[in-house]
Amino acid sequence: MKHLGEILVEQFGVEPGDIEDALSLQEDNGRRLGEMLVGQRKISEEDLLRARSIQSGMELRTRLPAEPDPFFIDRVAIGFLKKYMMIPVATPDECFIAMAEPHYFQQLDDLTRTLQWEGIKTVLAPQEEIFVAINSAYDSGSRDAADQVLQDIDEEDPESILSEIEETADLLDDTSDAPVIKLVNLVLSQAVRDNASDIHIEPYKDRVKIRKRVDGILYDMYSPPKHVQSRLISRIKIMARMDIAEKRLPQDGRIEIRIADKNIDLRVSTLPTAFGERVVMRLLDKSAVLLDLESLGMTKTDLARFRQLIKAPYGIILVTGPTGSGKTTTLYSALSILNQPGINIITVEDPIEYQINGISQMQVNTKIGLTFANGLRTIVRQDPDIILVGEIRDLETAEIAIQSALTGHLVFSTLHTNDSASAVTRLIDMGLEPFLVSSSVNAILAQRLVRKICPHCRDSYKPDQEYLARVGLSPIKFGDRVLYHGHGCPECMGTGYKGRIALFELMVLNDTLKSLILTTSDAGQLKRQALASLASGMRTLRQDGLRKVLAGLTTLEEVFRVT
């Protein structure tokens, strides 16, 4: 059998020197040759799989069934399959075992004996495909039907809900029989599987409603009976290390769980209402990959301008928009570009949503007096080059941020305003002097998130002229163009939308705008000037949305919903 290095040199254009360097490093870190070359970006993961396929003589499958038959879940532990990166696949046409690492032949023998599948065909598949298939099989197989779980919730030992859950236990491995625990696990695992951002537990007079927010829209999940309410909420409060006896005051807590290969951080908030405590859980996927700026949805012009702005030596760049509009994601994407060994980046956040290597991140803790203002005051003494302030909430934080910008630091922060021009009005309304705003703020980026049309059921249509005129598009200029929408399919839960993309309004504060800020804080005047100025080149959120509608990325209804 040929060595992997030889195949990579002969058929995939890898330099022999790169193989030698990787082999010498291998002695120190013990990692496998292919992994190191992928990490060094000498080859792609796909090329590595193809090379391993040539080396082992195994067939390569780049895709596996999205929802594999979970026939094996009672006989094989999920941990075994994840550790050795393999999964048995049975379809009406064929049976095989997919592996990401062909060298686990001993474990392959164990699996075939367990399943009585001796002599079965084995194929190579990407690690990510295998993990998705494993999670899907165990999630669907281990998840009790919701009706059954709700039926089981009847008279049970009240103490059963006090059983502790290990902080980062994998919920798919949790085999507890307590119906309330089953229901909580079911809700969490379904929400994670559907990429929900929030879970709401809402008590009413005679029922409890559980809902999830997916792509910015709330969908009903379950309505358990009213008598379950107190035990359900107590279970969540125990997991979040809250005081279960205190039901009159709002509380905040945090839960760390693992669902399959995802580490999920849940921020839990309770609120007393007339019919009991209302709970909202915000889900943060700690293993999520940071998006690069290119994939956020900026036009080439705005992207080039924004890249230039974030490389300024000093000043403030503000990102504005309502809660959940992707402001933090945009700022982290900018920081990941600036994150170089020679630059000191420090952040103060509430909460820390992504953990980035090479950046010092500080968590706000108001209980001990660590506010944004206090944190920022300390950060300035830590010799930073770039500072990220999670949010400017008050005059004190705003003043320190501006002083930092005026003394040679580049400061990123967020504000809650409707558009970019309103951010100036908001800062002056907080009590800042107009000359400080005009001399320190470099640019303001307003953004919103709209749902993308589902690629699986996307279809074109010709809008009628009345509709175009009603939404402000000239039927004559529109001509023979077509628009797109989604019919609804299982992939998008019948909504016609899957995933989200951002709309942007980038207002660069040029000399004309800075002079205008000194005389007025009227957002309308500032916006008109920014749109009229060729140097600013600003497009409104709605204009950017219409461009994305014409490009077939989203629908007119979505753009008008958020702008």
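What follows is a set of questions and answers on a predicted model.

Student: How many strands form the open sheet with antiparallel pairing, and which two stand at its edges?
Tutor: The order in this sheet is β7-β6-β5-β10-β9-β8, which makes 6 strands. An edge strand here has a single partner strand, so one side of it is left without a neighbour in the sheet.

Student: Which residue of β10 is the bridge partner of Ile199?
Tutor: Strand β5 (residues 198-203) pairs with strand β10 (residues 276-285) in the antiparallel sense, over 4 bridges. In β10, the partner of Ile199 is Met281.

Student: What angle does the direction of helix α10 make with that of β10?
Tutor: Helix α10 (residues 229-239) packs on the sheet and touches β5, β6, β8, β9 and β10. Helix α9 (residues 179-193) also lies across strands of this sheet, running at about 145 degrees to β7. For α10 against β10, the angle is about 40 degrees.

Student: In the open sheet of 4 strands, which strands stand at the edges?
Tutor: The order is β1-β4-β3-β2, with mixed pairing. Two of these strands have a single partner each, so one side of each has no neighbour in the sheet. They are β1 (59-60) and β2 (86-90).

Student: Which residue of β3 is the bridge partner of Val89?
Tutor: β2 and strand β3 (residues 95-99) run antiparallel and are joined by 5 bridges. Within β3, the bridge partner of Val89 is Phe96.

Student: Within what arc do the buried residues of α6 fall?
Tutor: Helix α6 (residues 105-115) packs on the sheet, touching β2, β3 and β4 (122-124). Its buried residues are Gln107, Leu108, Leu111, Thr112 and Leu115, and what covers them includes α5 (78-84), β2, β3 and β4. Seen down the axis of α6, these residues line one face of the helix, because they fall within an arc of 140 degrees.

Student: Which residues of β15 point the opposite way from Leu410, Phe412 and Thr414?
Tutor: In a regular strand, side chains alternate between the two faces of the sheet. Strand β15 (residues 410-415) has 6 of its 6 residues buried. Leu410, Phe412 and Thr414 point one way, and the other way point Val411, Ser413 and Leu415.

Student: What is the handedness of the crossover from β14 to β15?
Tutor: Strand β14 (residues 386-389) pairs with β15 in the parallel sense over 4 bridges, and Ile387 stands opposite Val411. Between these strands the chain passes through helix α14 (residues 395-406), and the β-α-β crossover is right-handed.

Student: Is Thr330 buried or exposed?
Tutor: Thr330 lies in helix α12 (residues 327-338). The residues it touches include Leu293, Phe306 and Phe504. The cut-off for burial is under 20% relative accessible area. At 1% relative accessibility, Thr330 therefore counts as buried.

Key:
Residues are numbered from 1 along each chain as its sequence is written. This is a predicted model: local features need pLDDT of at least 70, side-chain atom pairs count only at pLDDT 80 or more; totals for chains, interfaces and linings use all residues. Side-chain values use heavy atoms; hydrogens and water are left out. Buried means under 20% relative accessible area, exposed over 50%, partly exposed in between (1.4 Å probe, protein chains only). Two strands pair if DSSP finds at least two bridges between them. A crossover is right-handed if, with the strands pointing away from the viewer, the path from the first strand over the helix to the second runs clockwise. Contact means heavy atoms within 4.5 Å. Axes are lines fitted to C-alpha atoms, for helices over the stretch in contact, and angles run from 0 to 180 degrees between N-to-C directions. The arc is that of the directions from the helix axis to the C-beta atoms. Lists of a residue's contacts leave out its neighbours within four places in sequence.
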